[in-house]
Every structure is written in C-alpha cells, then in structure tokens.
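Here are my notes on the model you sent over. Have it open while you read.

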Amino acid sequence: MKIRVGALVFCGEEVALIRRDRPGSVHYTPPGGNVEPGEDLLVALWRELGEELWLGEGQAGAPELLWVVDQRVTRPGPTPSPRKLHLLYRLHVSEAVREVLAVEEYDEQRDGGFEVGVVEWVDFRAVGALPLFPPVGAALAALSSPRAVVADAGWGAVTDDDYVWV
C-alpha cells in the first residue's frame, strides 16, 4: 500500500488546488505526493509542498489532519492501480505568502518529460463542482468555514462502485 500526503492550503476562503489538463479530461488534486520509504509523514508533506508550491514550513500554520481516504479505484493505463491511503491535511497561509507561491507545478514523467499542473485558488464552497481526487470536494464545500471543526477524519473507501477515474 502506498501513502500519499496532501494539503488543503487555505488563504482566506480560497484553497490551492492543482489543475491537470489531459486529453479529454481535466482534474484537480490537492498539492502533495507519495511518502518515500522510511520518511516521516510531516517531513513528506513539507517536502511535497516545497516541491509543488514552494511553500516552506515557516510560512504556514501547523498542519491539521483533516481526512484519511482509502483509494481502491482502477486507474486507466498500463500501470496496475495501487491501493493508496491519502492523508489530507489543512494549512493556512497569509496573502503575503500566497503572493510568492508557485503558479505551476511540474510533475516528472517516466519518459523524462514533465506534466505541467496549474495552481488555482478556488473558493472552498465551489470545490464540490470540480473533478477533484481524492473526491472530498462535497465535504470540503459543506464546511461552514475554512477553519471549521471536522469531527471525524475517517473517510469511506473510494472504489470503482462510487468513483470513475477521469
């Protein structure tokens, strides 16, 4: 099983998401990535946020675990779909920090090229209408505020029965 750490990085009422435009589809993901073997979860989170958003540990509030999502969906393509546990944290940044963060994210591909993702700041209440993976958009949009208490971090498994990979 792989573990992925991701962050819902808020600046006021907007949250940073990475938009990936692919032939025939568009999808969004929270910034983050896979935890490397032996790596501490928060070290991995800050490494990924540094790589993708240029966000350093001293530039944001402490990460708060918001949701844990068990991914068991079949992805298209030749690579077998891994089972993956997504740990989604919530962070808050100031306007001054937001101004210096990355606007694009470069994801290295197996062929040595890069897929470019666009960092978009979206009102958290509008996220439910986006093709977001992990599919927490409706729950995020239902929060009363970006700092609302989430009573239960547990999330049901995301399977082929309730999710179709875009």
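This is a predicted model: local features need pLDDT of at least 70, side-chain atom pairs count only at pLDDT 80 or more; totals for chains, interfaces and linings use all residues.

1. β1 has several pairing partners. It runs parallel to strand β6 (residues 84-92), with 9 bridges joining the two; isoleucine 3, for one, sits opposite leucine 85. With strand β4 (residues 32-34) the pairing is antiparallel, over 3 bridges, and there glycine 6 faces glycine 32.

2. Strand β2 (residues 14-22) is also antiparallel to β1, again through 3 bridges. Valine 9 has alanine 16 as its bridge partner in β2. Take a look at the hairpin between these strands: 2 residues separate them, and glycine 12 has a positive phi near 65°.

3. On to charges. The whole structure holds 14 salt bridges. One of them joins arginine 22 to glutamate 115, with the closest N and O atoms 2.6 Å apart. Arginine 22 belongs to β2 and glutamate 115 to strand β8 (residues 114-123), so this pair ties together parts 93 residues apart in sequence. Arginine 22 is partly exposed at 32% relative accessibility, while glutamate 115 is buried at 14%.

4. Glu36, Glu39, Arg47, Glu48 and Glu51 form a salt-bridge network. Within it, glutamate 48 and arginine 47 bring their closest N and O atoms to 2.9 Å. Glutamate 48 counts as buried, at 7% relative accessibility.

5. Finally, arginine 125 pairs with aspartate 123 at 2.7 Å between the closest N and O atoms. Arginine 125 is partly exposed at 45%, and aspartate 123 is partly exposed at 26%.

Definitions and conventions
Residues are numbered from 1 along each chain as its sequence is written. Side-chain values use heavy atoms; hydrogens and water are left out. Two strands pair if DSSP finds at least two bridges between them. Helices (H or I, at least four residues) and strands (E, at least two) are DSSP runs, numbered from the N terminus. A salt bridge is a side-chain nitrogen of Lys or Arg within 4 Å of a carboxyl oxygen of Asp or Glu. Buried means under 20% relative accessible area, exposed over 50%, partly exposed in between (1.4 Å probe, protein chains only).
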